[in-house]
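Subject: Structure for your files

Hello,

Here is the structure I said I would pass on. My notes on it follow below.

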Amino acid sequence: IMNPFINQNYINQIYLALTSVSIIYFLKYFISSAPIRKLAQLSLGFLILMTLIFNVYNTDATKAMDRFTESFHSIENSDELEMKLKEALSNGEPTMVYFTADWCVSCRALEKNTFSDNGLQNKIGRIQALKVDLTDNSDEDQFLIKEYSIFGPPTILFFNENGNEEKSRRKIGVVSAEILEAEIDSLRKKI
């Protein structure tokens with residue numbers, strides 16, 4: 001349940017901590033000598049604490065998300081989206097528009113497993129990539145959903161260099177990096 005909201009590395013740290021505390025607590029039932037039991041508990045506790053500290057400091061939990069965020073221009077409203085699409089049209093540049101939301105579990109999987117792919121990151125860098133956040137479900141969000149006929153996030157739209165959406169390329173749900181790379185390559189070949 002926590003996986004979409006907490007990085008897997010942190011979940012593993014939580015499990016390690018819970019297991020460790022349980023082991024330390026139940027040592028009192030397996031070692032009868034009080035001084036040896038106390039020494040074993042302290043030693044094990046110290047070892048586990050050092051392991052947790054080391055792992056937390058060496059975990060780059062936001063690396064994939066930082067790369068994802070840098071690749072996309074965040075869109076705040078329909079006017080800004082229209083402006084960016086017109087800008088791409090004037091530059092003869094294809095555009096990928098990604099509709100997402102914080103509460104969308106599939107979006108988190110897409111960002112973690114697909115958009116973090118280095119090959120896809122390189123291809124996204126060659127087109128205009130826009131991210132529309134529908135988290136608030138505001139009137140503006142509802143307008144965008146209706147305007148672009150979005151069923152819900154995650155949805156990815158592709159616009160060619162003429163500013164027209166290529167509806168056959170529309171992706172809904174989690175897709176692989178290879179599929180998105182192929183779509184971007186196909187759009188780029190038309191230029």
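Helices (H or I, at least four residues) and strands (E, at least two) are taken here as DSSP runs and numbered from the N terminus. The model is predicted, so to speak of a local feature requires pLDDT of at least 70, side-chain atom pairs count only at pLDDT 80 or more, and totals for chains, interfaces and linings use all residues. Residues are numbered from 1 along each chain as its sequence is written, and side-chain values use heavy atoms, with hydrogens and water left out.

Overall layout

The protein has eight helices and five strands. In sequence order the pattern is α-α-α-β-α-β-α-α-β-α-β-β-α. Of its 191 residues, 38% are buried (buried means under 20% relative accessible area, exposed over 50%, partly exposed in between, with a 1.4 Å probe and protein chains only).

The five strands make an open sheet of mixed pairing, in the order 1-3-2-4-5; two strands are taken as paired if DSSP finds at least two bridges between them. Strand 1 (73-75) and strand 5 (171-172) are at the edges with a single partner strand each, so one side of each has no neighbour in the sheet.

Strand 3 (residues 128-133) has five of its six residues buried, so it is largely enclosed by the rest of the structure. Strand 3 runs parallel to strand 1, with three bridges between them, and Ile75 stands opposite Val132 in this pairing. Strand 2 (95-100) is also joined to strand 3 in parallel, by six bridges. There, Val132 is the bridge partner of Phe99. Strand 2 pairs with strand 4 (residues 155-159) as well, in the antiparallel sense and over five bridges; Tyr98 has Ile156 as its bridge partner in strand 4.

Salt bridges

How many salt bridges does a search of the whole structure find? There are eight, a salt bridge being a side-chain nitrogen of Lys or Arg within 4 Å of a carboxyl oxygen of Asp or Glu.

One of them links Arg108 and Glu111, with the closest N and O atoms 2.8 Å apart. Both residues belong to helix 5 and are three residues apart, about one turn of the helix.

Lys171 counts as buried at 13% relative accessibility, and Glu183 is buried at 12%. Salt bridges with shared partners join Glu166, Arg169, Lys171 and Glu183 into one network.

Surface charge

Glu76, Asp102, Asp133 and Asp136 form a negative surface patch. Patches are made of residues with over 30% relative accessible area and no salt bridge, like charges being joined within 9 Å and nonpolar side chains (Val, Leu, Ile, Met, Phe, Trp, Tyr) within 5 Å. Asp102 sits in the loop between strand 2 and helix 5 (105-114) and counts as partly exposed, at 47% relative accessibility. Accessible areas come from the Shrake-Rupley method with a 1.4 Å probe, and for residues only the protein chains shown count as cover. Asp and Glu count as negative and Lys and Arg as positive, with His and the chain ends not counted; the place of a charge is NZ of Lys, CZ of Arg, CG of Asp or CD of Glu.

Regards
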